[in-house]
Amino acid sequence: MFRKKLWRLGIFSLAITLTLAWLGTVCVIGSVTPQNRSVNPLVVFEQAKAEDYTSDGACVTCHQAYAQSFEKSPHSLYSSNPKEPYDRQGCQSCHGPGKAHVEDREQAAKSGKDVLGLSKMKSKDASAVCLRCHTDTMKSTQWHRTAHARADLSCNSCHSVHLGVEHENETAAEKAKIKDAVKIINGFANVARPEPNKMLLASEALLCGKCHKKELSEFRHNFRHPLPEGRIVCSDCHDVHPVRAEQTRVSPNKSACITCHADIAGPFVFEHDPVNSTLGDGCNDCHRPHGSHNPALLTTASRGLCGQCHTEQSNTHFPGQSCWNTGCHVAVHGSNTDRKLLRR
Ligand code: HEC
Ligand code: HEC
Ligand code: HEC
Ligand code: HEC
Ligand code: HEC
Ligand code: HEC
Ligand code: HEC
Ligand code: HEC
Ligand code: HEC
C-alpha cells in the first residue's frame, strides 16, 4: 500500500519535472527564434564551407511556388552559372547554405544552421544579403544614411524576388493601402499592377504612393506632372539609391529637373539668380514639383511670387496682376538679350 503511494508520488514528480523541462525548452527556443531574429548574414556566408551547400533541386521539390517565382526573376539566369562560387548560385545565394535544412530541418534550426528566412530577419540584416552583390547600385554606408533605411525599411519593402507569391502573402492591411493609393489616382490610365519592372512590388505611383499619400495627392491638382498617366515616375526626380555623386537628388534640386527641362537652365547672357544659382532651392523657389493649383506649377500665381525676394519693388513698381504674364518680365528664367529679363 505504502509502496504503491510512493510509486505514484514518483510518477507525479517525474511528470512535473518533465513538464518543467518542456516549458524550459519552449522558452529557450522561443527566445532564440522570435520574429525579427538577428542573424548577421555576412558572417553566415563567410563561415560557410563548400560542403554546407547543396543543389537547388532539393529546394524546388518542397518550395515550388517560391522556385517558380524565382525562375521569373532576373537573378535566375545569372545565378545558374556553375562557374560562380557556391555562395553566388541559386536559392542559397540569398538564403545561405541549405544542406543542414534539407537533411534535418529541426536539427538545423536547433544548431543555428538553418537557412536565412529573409522576411523574419531585421531589416538591416535582410538588406545586407542584397548588398553583398549590389554595391554597384549603392554602398552599404550610403544605404544606411537614407531616410528609408533609418525608418527601418529594407530592400524588400520595395523589391521582391518572389513576386507572385508575395502578392498572395500580402496582408489585408497592405492590400488596403494599395487600394487607397489607387483611389487617389483613380480615373487615370496606366497604373495597373503588378509591374514586374525592376522587381518592384507595384508600379512606382502605387508603391511609393501607398506610404506617401500626401505627395501622391498633389498629383491630382489641375496643374501637375503627368505621373498618373505614367509619363513620369517618382524615381525620375528622387534617387532611392543615392550614390555620393548624386547625393543632391535625394531631395531633388535643379539637377533633377534639367534632365528633362534642359532649355530652362541656360546658360544665359543674363542669368536670373534663383534659377541659375546653386544656392537656395533652385526651381523649387517658384515651382511646386508634384502639382499645384496654379498654372505652370507655380507656388503663387501673383506678383507675390517675385515679391518674396524683390521686396524693394513695392506695389507702386507695377501694380498689375503679375510680373510676367502682363508682357513684362517674360524671360523669368534668364535672357540672352535683356538684363531686366523683359525679352528672351
Ligand atoms: C523536405 C522539404 C524541404 C526542402 C528539401 C527544403 N525546405 Fe525549406 N522549408 C521546409 C519547411 C517545411 C519549412 C517551414 C515552412 C514554414 O515554417 O512555414 C521551410 C522553411 C524554409 C525557409 C524559411 C525559413 C525561416 O526561418 O523562415 C526558407 C528560406 C527555406 N525553407 C528555403 C529553402 C531552401 C533554399 C532550400 C534548398 C537548399 C530548402 N528550403 C529545402 C521544407 C523544405
Ligand atoms: C536574390 C535573393 C533570393 C534568391 C536567389 C531566392 N530568394 Fe527566397 N526569398 C528572398 C526574399 C527577399 C524573401 C522574403 C520575401 C520577399 O521579400 O520576397 C524570400 C522568401 C522565401 C521563402 C519564404 C520564407 C521567407 O523567408 O519569407 C522561401 C521558402 C524561399 N524564399 C525559397 C526560395 C527558393 C526555393 C529559392 C530558389 C529557387 C529562393 N528562395 C531564391 C530572396 C531570395
Ligand atoms: C549573388 C548575388 C546577388 C544577390 C545576393 C542579390 N542580387 Fe540582385 N542581381 C544580381 C545580378 C547579377 C543581377 C543582374 C545584373 C544586374 O542588373 O546588376 C541582379 C539584378 C537585380 C535587380 C534588377 C532587376 C532588373 O530588372 O534589372 C534588382 C532590383 C535586384 N537585383 C534586387 C535584389 C534584392 C532586393 C536582393 C536581396 C533580396 C538581391 N538583388 C540580391 C545579383 C544579386
Ligand atoms: C523605397 C523603395 C526602394 C527601396 C527601399 C530599394 N529600392 Fe531598389 N529600386 C527602387 C526603384 C523605384 C527602382 C527603379 C528606378 C531606379 O533605378 O532608381 C529600383 C531599382 C533597383 C535596381 C536596378 C537598378 C540599378 O541601380 O542597378 C537594383 C539593383 C536595386 N534597386 C537594388 C536595391 C537594393 C540592393 C536595395 C536595398 C539596399 C534597394 N534596391 C532598396 C526602389 C527601391
Ligand atoms: C513602406 C513605406 C514606404 C515606401 C514603399 C516608400 N517610402 Fe519613402 N519614406 C518612408 C518613410 C517612413 C520615410 C521617412 C519618414 C518621412 O520622411 O516621411 C520616407 C522618406 C522618403 C523621402 C524623404 C527623404 C529624405 O531624405 O528626407 C522621400 C523623398 C521618399 N521617401 C520617396 C519615396 C519614393 C520615391 C518611393 C518609391 C520608390 C518611396 N519613398 C517608397 C516610407 C516609404
Ligand atoms: C518632377 C520631379 C518630382 C517627381 C516626379 C516627384 N517628386 Fe517628390 N519632390 C520633388 C521635389 C523637388 C521635392 C522637394 C520639394 C521642396 O523641397 O519643397 C520633393 C519632395 C518630396 C517629398 C518630401 C521630402 C522631404 O524632404 O520632406 C516626398 C516624400 C516625395 N517628394 C515623394 C514623392 C513621391 C512618392 C513621388 C511619386 C508619387 C514623387 N515624390 C514624385 C520632386 C519630384
Ligand atoms: C522625366 C522628365 C521630367 C523631369 C525630371 C521633370 N519634368 Fe517637369 N515636365 C515633364 C513633362 C513630361 C511635363 C508635361 C509637359 C506637357 O504636358 O506637355 C512637365 C511639365 C512641367 C511644368 C509645367 C509646364 C507647363 O507648360 O505648364 C513645370 C513648371 C515643370 N515641369 C517643372 C519641373 C521642375 C521644377 C522639375 C524638377 C523638380 C521637373 N519639372 C522635372 C517632364 C519632367
Ligand atoms: C523666379 C521664379 C522661377 C524659378 C526659380 C524657376 N521658374 Fe520656371 N517659371 C516661372 C514662371 C513665373 C513661369 C511661368 C511663365 C509664363 O507663364 O510665361 C515658369 C514656367 C516654367 C515652365 C513652363 C513654361 C516654359 O517656360 O517652358 C517650366 C517647364 C519651368 N518653368 C521650369 C523651371 C525649371 C526646370 C526651373 C529650375 C531650373 C525653374 N522653372 C525655375 C518662374 C520660375
Ligand atoms: C528666390 C529669390 C528670387 C525670386 C523668387 C525672384 N527673384 Fe528676381 N532676382 C533675385 C536675385 C538674387 C537677383 C539678382 C540680384 C538683384 O539684382 O537683385 C534677381 C534679379 C532679377 C532681375 C534683374 C534685376 C536687375 O536689375 O538686374 C529681374 C528683372 C528679376 N529678378 C525679376 C524677377 C521676377 C519677375 C520674379 C518673379 C517671377 C523674380 N525675379 C523672382 C532673386 C529672386
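Around ligand 4 there are 18 residues, and the nearest are Cys130, His134, Thr137, Cys155 and Cys158. Here a residue is near a molecule if its C-beta atom, placed from the backbone, lies within 6 Å of it. This is a predicted model: local features need pLDDT of at least 70, side-chain atom pairs count only at pLDDT 80 or more, and totals for chains, interfaces and linings use all residues. Residues are numbered from 1 along each chain as its sequence is written, while chains are lettered from A and ligands numbered from 1 in the order in which they are written.

**Ligand 4**
- Helix α9 (residues 123-131) gives the most to this shell, three residues. Helices are DSSP runs of H or I, at least four residues, numbered from the N terminus.
- The shell has eight nonpolar, eight polar and two charged residues. Ala, Val, Leu, Ile, Met, Phe, Trp, Tyr, Cys and Pro count as nonpolar, Asp, Glu, Lys and Arg as charged, and the others, Gly among them, as polar.

**Ligand 2**
- Ligand 2 is surrounded by 21 residues, with Tyr66, Cys91, Cys94, Gly117 and Ser119 the closest.
- At least two shell residues come from each of α3 (56-62), α4 (64-72) and α6 (92-95).
- Eight of the shell residues are nonpolar, eleven polar and two charged.
- Ligand 2 lies between domain 1 (44-116) and domain 2 (158-249), because both give residues to its shell. The domain bounds come from an automatic or database domain assignment.

**Gln92**
- Gln92 sits in helix α6.
- Gln92 counts as buried because it has 25 C-beta neighbours inside 10 Å; the cut-off for buried is 20 or more other C-beta atoms within 10 Å of its own, placed from the backbone.

Conventions: Buried ≥ 20, exposed ≤ 12 C-beta atoms within 10 Å, placed from the backbone.
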